[in-house]
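Hi,

Here is the structure I said I would pass on. Have a look at it first, and my notes follow below.

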Amino acid sequence: MPILAHEIMTPTVKAVPQNWTMDRLARFLTDNEITGSPVTDDNGEIIGIATLKDITEFRWNASRSNDQPKLTEEEQDEARRLRMVIFEEMGKVPVEVRDIMTPLVFAVDENTPVRDIANTMMGEHLHRIFVTRNSKITGIITTYDMLKLISDKELSQRCAECN
């Protein structure tokens with residue numbers, strides 16, 4: 001009998017509101033020792049996911065250099081200086097979670113076999129996927145949860161028997 005999503009999912013999902021600042025999100029993720037969290041709208045519905053990677057990419061893109069080879073060295077220096085000024089000014093305006101989140105929500109039903117979930121996670125390069133029942137989120141499966149299949153003797157045995 002295949003192992004199903006509800007057997008390995010984490011039933012508690014720590015979501016954050018879309019209007020939190022990026023800095024508050026970073027603190028929340030760090031305090032909870034997680035790397036990503038679902039994002040909810042004003043009605044509590046999940047509308048996306050925000051991760052440490054999203055924060056990093058936002059900061060990196062705001063400060064990186066896209067020097068044009070057509071610019072002189074002096075023009076490149078001036079462009080870098082202007083980007084830094086703009087980035088510093090942007091830092092004064094709080095960036096909200098809705099500005100950096102990924103608006104896609106990948107989900108599977110509670111009765112989805114973990115083999116199918118693993119294939120989806122691998123194919124889409126996902127580190128987390130939501131679990132639903134009747135279109136309502138009931139849990140989350142992360143790469144950590146998938147590792148339980150290897151480390152838990154009973155689950156490993158059941159996996160081996162399903163092949």
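I'll start with R24, which is partly exposed, with a relative accessible area of 42%. For that wording, buried means under 20% relative accessible area, exposed over 50%, and partly exposed in between, using a 1.4 Å probe and protein chains only. R24 sits in helix α2 (residues 22-31). In sequence R24 and V95 are 71 residues apart, while their C-alpha atoms are 10.0 Å apart in space.

A word on the source: this is a predicted model, in which local features need pLDDT of at least 70 and side-chain atom pairs count only at pLDDT 80 or more, while totals for chains, interfaces and linings use all residues. Residues are numbered from 1 along each chain as its sequence is written, and side-chain values use heavy atoms, with hydrogens and water left out.

**The chain as a whole**

The chain has eight helices and six strands. These are DSSP runs numbered from the N terminus, helices being H or I with at least four residues and strands E with at least two. Reading from the N terminus, the order is α-β-α-β-β-α-α-α-β-α-β-β-α-α. Of the 163 residues, 31% count as buried. Take the contacts (heavy atoms within 4.5 Å) with a separation of 6 or more: residues 24 or more positions apart account for 58% of them.

**Cores**

A nonpolar core here is a set of buried Ala, Val, Leu, Ile, Met, Phe, Trp, Tyr and Cys residues joined through side-chain atoms within 4.5 Å. The largest one has 15 residues, and those with the most contacts inside it are I8, I117, M121, I129, I141, M146 and L149. At least two residues each come from α1 (5-8), α6, β5 (128-133) and α7 (143-151). The largest share, three residues, is supplied by α6. Leaving aside neighbours within four places in sequence, I117 is in contact with A5, V108, T112, I129, I141 and M146. Another core lies apart from this one; it has 13 residues, among them V95, V97, I100 and M101.

T112, one of the contacts of I117, is in the loop between β4 (107-109) and α6 (114-124). Is T112 buried or exposed? It counts as buried, because its relative accessibility is 16%. Its side chain reaches the backbone oxygen of D109 at 2.9 Å. That is a polar contact, meaning a pair of N or O atoms within 3.5 Å; within protein, one must be able to donate a hydrogen and the other to accept it, and residues adjacent in sequence count only if both atoms are side-chain atoms. Beyond four places in sequence, T112 is in contact with I3, L4, A5 and I117.

D54 belongs to helix α3 (residues 52-63). D54 is buried but has no salt bridge, and the nearest side chain of opposite charge, K53, is 6.7 Å away. (For charges, Lys and Arg count as positive and Asp and Glu as negative; His and the chain ends are not counted.) What the side chain of D54 does reach is the backbone nitrogen of T51, at 2.9 Å. Apart from neighbours within four places in sequence, D54 is in contact with I49, I100, M101 and T102.

**Salt bridges**

A search of the whole structure finds six salt bridges, each a side-chain nitrogen of Lys or Arg within 4 Å of a carboxyl oxygen of Asp or Glu.

- R158 pairs with E7, the closest N and O atoms being 2.6 Å apart. This pair links distant parts of the chain, with R158 in helix α8 (residues 153-162) and E7 in helix α1, 151 residues apart.
- K136 pairs with E45, with 3.6 Å between the closest N and O atoms. K136 lies in strand β6 (residues 136-142) and E45 in the loop between β2 (36-40) and β3 (46-51), so the pair ties together parts that are 91 residues apart in sequence.
- K53 pairs with E57, the closest N and O atoms being 3.7 Å apart. The two are separated by about one helical turn, because they are four residues apart in helix α3. K53 is exposed at 56% relative accessible area, and E57 is partly exposed at 39%.

Cheers
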